[in-house]
Amino acid sequence: MSPHGSVELKFWDSPMRGKRCRLVVRRSRFICKCRRTATLATPAIAEDDFPSLTTRLARYVENQSFRRTAPGIAIETGVSETLIRRVSDRLAHHLWDNHRFATPLVLGIDDLRIRKQLFTNVTDGRTGHSIALVDGGESDKIVGEMRRREIDPTKVKIVVSDMGGSNIAVFKQLFAAHAIHVADKWHVLKGAKEALNSVINKRLDFLRRRRAWCEKVYRKRGTLPPTSKTDPYYKRKPPFSTHPLTRMQHRIDDLKNAKSKLLGMRRPFYATKQLTLDDYQMIVKPMCKKHRAVGHAFVATMRLHAVYDVEKRIDRRGADANIDLFFRLASAPDIVNQFKIIVDRVRTHRDIILNYYDAIALLGRDQPAPTTGPTEQRNSTIKNAWSAARGIRNHKVFTMRALYAPWHIDTDIAICWSDKRVIVDAVGKERSIYCNDVGGPFGDQGHTRRQQVMAPLHRHRCPLH
């Protein structure tokens, strides 16, 4: 064998020090006396499905696809955007088909709407980590996706959701025999806050219309308050500070300024942390005394807040009594129309609202009360991911970003890419499938795993391989 030139191969590698990196492999060629040529073997650094990428770069792209968009990764690595999407799609399909999250003790269900499209987010009610994302929001689809995700209904003890019809139907179909359904505290109190807001707005509108009518009357009489001392009738008109229009405007401004204080109280004034007792005596109490309808609405709202006053050691019976008192206060003639929706909602879902105390007894008072707060926080993260990507057409890729954004490959999730096989799907396209072993997330072991000496990701294999 004698030398016969060389062959160059170029591979895109993961960025180094903020720069794009490309490896050039120069392979020597040889020629035999029989005129046959031979080339040295290529090092095993390339990805099987994407020959122009190193295995290290493919894993890097997969890790970044949980949190970043394809154009951003393409600019950083130098790889085409199409190839980046192909790598992300392969990972999304692999996780969709093979990975399942562990069934949580507290399950949170909440809906979110993105660009007029409804999704249902199923999360771990205590951590807020998503375990399923369903497109459509229909109960049958949600139940089917939960069963495909292998969520064990017998391990779920508490289901927290809003009072939506689809979420109640999901609970009855899957979890009614083994769990209790708890109405989210925030959704219950939100209705009372909206009713109080409508009462205040109605009162402000009445005061503004009354002042406008009085202003027309004073204008016809020529007795409007003077605007400055240059007014020729300044001495003939009553002073600006004592004019009736001025006092009416002060009344409007006082109620408008106190609106945020009235709406910001989340507990009765004697146990609140958001508003001091001095603020109650100087701001809230005078407004409730001057405006009767506002006072009735405020007292009714605080009585509904008292249903969740766990710090006063109120039990289920005491919360039930507070609901009865809320119904009586909200039936006042001057606020009954504004509170009709929330009263009907509380009356219809009274049992699941009171299940709040059963859930506390099940979890223990030292544990946080079950709410959809972590789920709502996760919903905002999903919306931000959609906005950052300017829309995601592939539902599986969108689900991957919604479910796996908090995690990191090789630290929290381990994927085995062995046992590659090529199959023909129903459409007639060839598709590569791999070992279905996906480990993690490892939960509390994340800190321990970061302290260990870990092998490169492309060397990871499941116990079978």
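How much space lies in the second largest pocket? About 490 Å³. The views below come from a predicted model, so let's take them one at a time.

**View A. The second largest pocket and its lining.** This pocket is lined by 23 residues, and those closest to its centre are Arg90, His93, Arg431, Ser432 and Ile433. Look for α3 (81-98) and β11 (430-433), the elements that give two or more residues to the lining. The largest share, seven residues, comes from α3. Sorted by class, the lining has 11 charged residues, along with six polar and six nonpolar.

**View B. Helix α3 meets helix α14.** Here you can follow α3 from the pocket lining to its partner α14 (residues 395-404): the two axes come within 9 Å and cross at roughly 75 degrees. Because angles of 65 to 115 degrees count as roughly perpendicular, α3 is roughly perpendicular to α14. On the α3 side, the contact is made by Ser88, Asp89, Leu91, Ala92, His93, Leu95 and Trp96. On the α14 side, you will find His395, Lys396, Val397, Thr399, Met400 and Tyr404. This contact has seven nonpolar, four polar and two charged residues.

**View C. Helices α6 and α7 side by side.** Two packed helices are described by the angle between their axes and the distance between the axes. For α6 (residues 185-221) and α7 (residues 244-264), the angle is about 170 degrees and the axes are 10 Å apart. Angles over 145 degrees count as roughly antiparallel, so α6 is roughly antiparallel to α7. The residues of their contact divide into 13 nonpolar, nine charged and three polar.

How values were computed: Residues numbered from 1 in each chain as written. Predicted model: local features only at pLDDT ≥ 70, side-chain atom pairs only at ≥ 80, totals over all residues. Heavy atoms only, no water. Axes fitted to C-alpha atoms, helices over the stretch in contact; angles between N-to-C directions. Helix = DSSP H or I, 4+ residues; strand = E, 2+ residues; numbered from the N terminus. Parallel < 35°, antiparallel > 145°, perpendicular 65-115°, else oblique. Nonpolar A, V, L, I, M, F, W, Y, C, P; charged D, E, K, R; others polar. 1 Å grid on protein atoms, 1.4 Å probe; cavity = no way out; pocket = protein on both sides within 12 Å on 5 of 7 lines; lining within 4 Å. Points joined across faces, edges and corners; volume = space filled by probe spheres on them. Contact = heavy atoms within 4.5 Å.
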